[in-house]
Amino acid sequence: MENNIIGIFSGKGGVGKTTLTVNLAISMQRFNKNVIAVDTDLKMSSLGLHLNMYKFPVTINEVLSSSKNILDALYIHPSGIRIVPAPVYAEDVDTSTLKEILSNPVLSNNYVLLDSPPGLEKNTIDVISACNAAIILTTPEIPAVADALKMVEKIKKMNVKMLGLVINMSDHDSQLDDSEIESTLGLNIIGKIPFDKNVKKSLSAKQPLVDYNPYSPAAIEIKKIAARVLNEDYKTERFLILKRIFKGIKK
Ligand SMILES: Nc1ncnc2c1ncn2[C@@H]1O[C@H](COP(=O)(O)OP(=O)(O)OP(=O)(O)O)[C@@H](O)[C@H]1O
Ligand SMILES: [Mg+2]
């Protein structure tokens, strides 16, 4: 499968990478794809927390140090996606073997989404090398876009395919308009996620947004991004819901 290992990158931290990774993974899974979300943010791991999963006998740590196989670190989330978590406490882990681990043929029928660390440290460079496609996430603020630019330049230099740009909290503290951001970064916008109170509410409810409130403004936008990444039609979902209701009526 082409472009199946997708890194979600930002320059600046805290712009919504983990939120997008989790909800995009679930939304892609709803298009009948096998999806694995991997926590590659080893110093500040939070994928498990976003998914309300905490106890992991084996994490990516042991896989990176070659003491365990990636299959030993796969956990199923009730949404249907699988995750490879990182340990909750920060540890100094060498990510040099990440590319090799993710090229394991057992993963080749899966979409693998990488929740990446912010910044351009070695850990991030190893994540860029491990993926074959990248999504850039930024908020519409000047410092975030400036940091995203450094990330974009690095990813382009490393010849990883760019799937496009997602603007998060697109209507919040916006200092730049869409075309300014697109031309600064040299990327096309593939999604604009609005600021949505449901994002925090879903975290408190310990449920991913797209399940907590599937038709909230941010959830709808993330599902549209999933459709776009997969070259599917977003309307399909509504069609499936109608089909399900119709089937129920017929019974
Ligand atoms: N569209 C949104 N609307 C409202 N709040 C949001 C939105 N997206 C993310 N947030 C909130 O912003 C905060 C940061 O999000 P998140 O943890 O996903 O960012 P991150 O880029 O993974 O951060 P880090 O760089 O620390 O890993 C969280 O509190 C999250 O709930
Ligand atoms: Mg994060």
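Colleague: How many salt bridges does the structure hold?

Modeller: There are 8 salt bridges in the structure. Bear in mind that this is a predicted model, where local features need pLDDT of at least 70, side-chain atom pairs count only at pLDDT 80 or more, and totals for chains, interfaces and linings use all residues. Residues are numbered from 1 along each chain as its sequence is written, chains are lettered from A and ligands numbered from 1 in the order in which they are written, and side-chain values use heavy atoms, with hydrogens and water left out.

Colleague: What makes lysine 122 and aspartate 126 a salt bridge?

Modeller: The term asks for a side-chain nitrogen of Lys or Arg within 4 Å of a carboxyl oxygen of Asp or Glu. Here the closest N and O atoms are 2.6 Å apart, so the pair meets that cut-off.

Colleague: Why are lysine 122 and aspartate 126 separated by about one helical turn?

Modeller: Because they sit 4 residues apart in helix α5, residues 122–130. A helix here is a DSSP run of H or I with at least four residues, numbered from the N terminus.

Colleague: Which residues come nearest to ligand 1?

Modeller: Gly14, Lys17, Thr18, Thr19 and Asn168, out of 19 residues around ligand 1. To be near, a residue needs a heavy atom within 4 Å of the molecule.

Colleague: What makes threonine 19 a polar contact of ligand 1?

Modeller: A polar side-chain atom of threonine 19 lies 2.6 Å from an oxygen atom of the ligand. A polar contact is a pair of N or O atoms within 3.5 Å, so this one qualifies.

Colleague: Which helices supply at least two residues each of the shell around ligand 1?

Modeller: α1 (17–29) and α8 (197–204). Valine 199 has its place in α8.

Colleague: What does valine 199 touch?

Modeller: Thr19, Leu209 and Ala218, leaving aside residues up to four places away in sequence. Contact means heavy atoms within 4.5 Å.

Colleague: How do α6 and α7 pack?

Modeller: Helix α6 (residues 142–157) and helix α7 (residues 178–185) pack at about 35°, with axes 9 Å apart. The axes are lines fitted to C-alpha atoms over the stretch in contact, and angles run from 0 to 180 degrees between N-to-C directions. Val145, Ala148, Leu149, Val152 and Lys156 in α6 meet Ile181, Thr184 and Leu185 in α7.

Notes
A polar contact is a pair of N or O atoms within 3.5 Å; within protein, one must be able to donate a hydrogen and the other to accept it, and residues adjacent in sequence count only if both atoms are side-chain atoms.
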